[in-house]
Amino acid sequence: MNYAEIKTYDVANGPGIRVSLFVSGCTHKCKGCFNEEAWDFDYGEPFTDEVLQKLIDAASFGAYRGLTFLGGEPLDPQNQADVLKTAKAFKEAYPDKDIWLFSGYTYEYIMKEMVGKLPETEEILSLLDVLVDGPFIEEQKNLMLLFRGSENQRLINVPETLKSGKIVEWEREI
């Protein structure tokens, strides 16, 4: 997997101070995407074990809330192995910090077309706290939304959704 960028002080892509990994490669190609250069799977730099360790080390300060995966598309089949490896390493290092993942796939699509068919998907989901799902739709763009770009996208509380079997949206802590 390649990555487009790592932000080591991100306050825009989830609550609190976060480390954010922008993976390369996306086949959704949403009109109006803020990160078109990351559509190319060869864009950026190779995601190596050394890069993974730097990402883990960046979150070591106690004020950091968690890790966010963005793209590109973190759940593209080509990216899932390294996303899983990263999420596992992060949870091992910081079991009390959260993991968010932005995907252009809807939760329903992921459950129907990926879980059980791709070896990593289910385990990735089990490590997530929040999934921001759905493609960016330019006609539904809304800059007033919290942590998402268009009105179709949802902030899904993954542990509660998996437990209940129905979509449970994340509620912002005050």
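**Exercise 1.** Find which residues of H1 meet which residues of H2, and work out how the two helices cross.

*Solution.* 
Step 1: On the H1 side, look for Asp49, Leu52, Leu55 and Ile56; their partners in H2 are Lys85, Thr86, Ala89, Phe90 and Ala93. Contact means heavy atoms within 4.5 Å.
Step 2: Sort these contact residues into six nonpolar, one polar and two charged. Here Ala, Val, Leu, Ile, Met, Phe, Trp, Tyr, Cys and Pro count as nonpolar, Asp, Glu, Lys and Arg as charged, and the others, Gly among them, as polar.
Step 3: Place the helices: H1 covers residues 49-58 and H2 residues 80-93, and their axes come within 10 Å, crossing at roughly 40°. Helices (H or I, at least four residues) and strands (E, at least two) are DSSP runs, numbered from the N terminus. Axes are lines fitted to C-alpha atoms, for helices over the stretch in contact, with angles from 0 to 180 degrees between N-to-C directions.
Step 4: Name the arrangement: H1 and H2 are therefore oblique to each other. (Under 35 degrees is roughly parallel, over 145 roughly antiparallel, 65 to 115 roughly perpendicular, and the rest oblique.)

A note before you continue: this is a predicted model, where local features need pLDDT of at least 70 and side-chain atom pairs count only at pLDDT 80 or more, while totals for chains, interfaces and linings use all residues. Residues are numbered from 1 along each chain as its sequence is written, and side-chain values use heavy atoms, leaving out hydrogens and water.

**Exercise 2.** Describe the surroundings of Ala58.

*Solution.* 
Step 1: Locate Ala58 in helix H1.
Step 2: Set aside neighbours within four places in sequence; Ala58 then contacts Thr8, Val19 and Tyr64.
Step 3: Take Val19: 39 residues separate it from Ala58 in sequence, yet their C-alpha atoms are 7.0 Å apart.
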